[in-house]
Amino acid sequence: MRQSLRQLLLALVLIGIVGLQVELALLRHAESATQWIPHIALMIGLIATAAVYFRPATATLRVFQAIMAAFLLVGAIGVCLHLRGNVEFALERDPSLTGAGLIWKALRGATPALAPGALAQLGLLGLLYSYKHPVLAGRSTTVADNVD
């Protein structure tokens, strides 16, 4: 049962990575260097997810964990960048905005302020997948074990 749940978590990470990459492509989220950061993170995450599935070893799991931690960081940075952009836009339209009014406009701005949090959620799912993983505890698994 635990192994099946672990594989479900990895499948959710994979589906999330592919889904976010498609969504970013459809939104043409590539107008600046900073907009390429989630694309690059997701591609590296896709490779790491495949590596962990096909070669569950201590080294691949540790790299996977590091990349999932990077997802958390990139997601947080993305939220900050989206909010900052929305604040700048709101202030251009109405320089008198301050306090709660400005925060409300920033949260509801043209750029989805909390959307990068989806990348952080994938990072959390990936870290949950690797938490107390049998390979890290010294018990081996094979690809056949991964398929349950």
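Let's start where two helices touch: R6, Q7, L9, L10, L12, V13, G16, I17 and L20 of helix 1 are in contact with A118, L119, L122, L125, G126, L128, Y129 and S130 of helix 5. Sorted by class, this contact between helix 1 and helix 5 has 12 nonpolar, four polar and one charged residues. Keep in mind as you look around that this is a predicted model.

Now for the geometry of that pair. Helix 1 covers residues 2–26 and helix 5 covers residues 117–130; their axes lie 9 Å apart, and the packing angle is about 155°. Angles over 145 degrees count as roughly antiparallel, so helix 1 is roughly antiparallel to helix 5. As for handedness, helix 1 and helix 5 make a left-handed crossing.

Next, turn to helix 3, residues 58–93, and helix 4, residues 99–107. Their axes come within 8 Å and cross at roughly 120°. That angle makes helix 3 oblique to helix 4. This crossing of helix 3 and helix 4 is right-handed. On the helix 3 side, the contact is made by L83, N86, V87, A90 and L91, and helix 4 brings L102, K105, A106 and L107. Counted by class, the contact of helix 3 with helix 4 has seven nonpolar, one polar and one charged residues.

On to the aromatic rings. A pair of aromatic rings is described by the distance of the centres and the angle of the planes. The count here comes to two aromatic pairs. One of them is Y53 with F54, an edge-to-face pair at 4.9 Å centre to centre, with 85° between the planes. Y53 has 24% relative accessibility, so this residue counts as partly exposed.

The other ring pair is F64 with Y129. Here the ring centres are 5.7 Å apart and the planes sit at 80°, which is why this pair is edge-to-face too. F64 belongs to helix 3 and Y129 to helix 5, so to speak a link between distant parts of the chain, 65 residues apart. F64 and Y129 are both buried.

Methods: Residues numbered from 1 in each chain as written. Predicted model: local features only at pLDDT ≥ 70, side-chain atom pairs only at ≥ 80, totals over all residues. Heavy atoms only, no water. Axes fitted to C-alpha atoms, helices over the stretch in contact; angles between N-to-C directions. Helix = DSSP H or I, 4+ residues; strand = E, 2+ residues; numbered from the N terminus. Parallel < 35°, antiparallel > 145°, perpendicular 65-115°, else oblique. Left-handed = near helix turned anticlockwise from the far one by under 90°. Contact = heavy atoms within 4.5 Å. Nonpolar A, V, L, I, M, F, W, Y, C, P; charged D, E, K, R; others polar. Phe/Tyr/Trp six-rings, centres within 6.5 Å; stacked < 30°, edge-to-face > 60°. Buried < 20%, exposed > 50% of the residue type's maximum accessible area, 1.4 Å probe, protein only.
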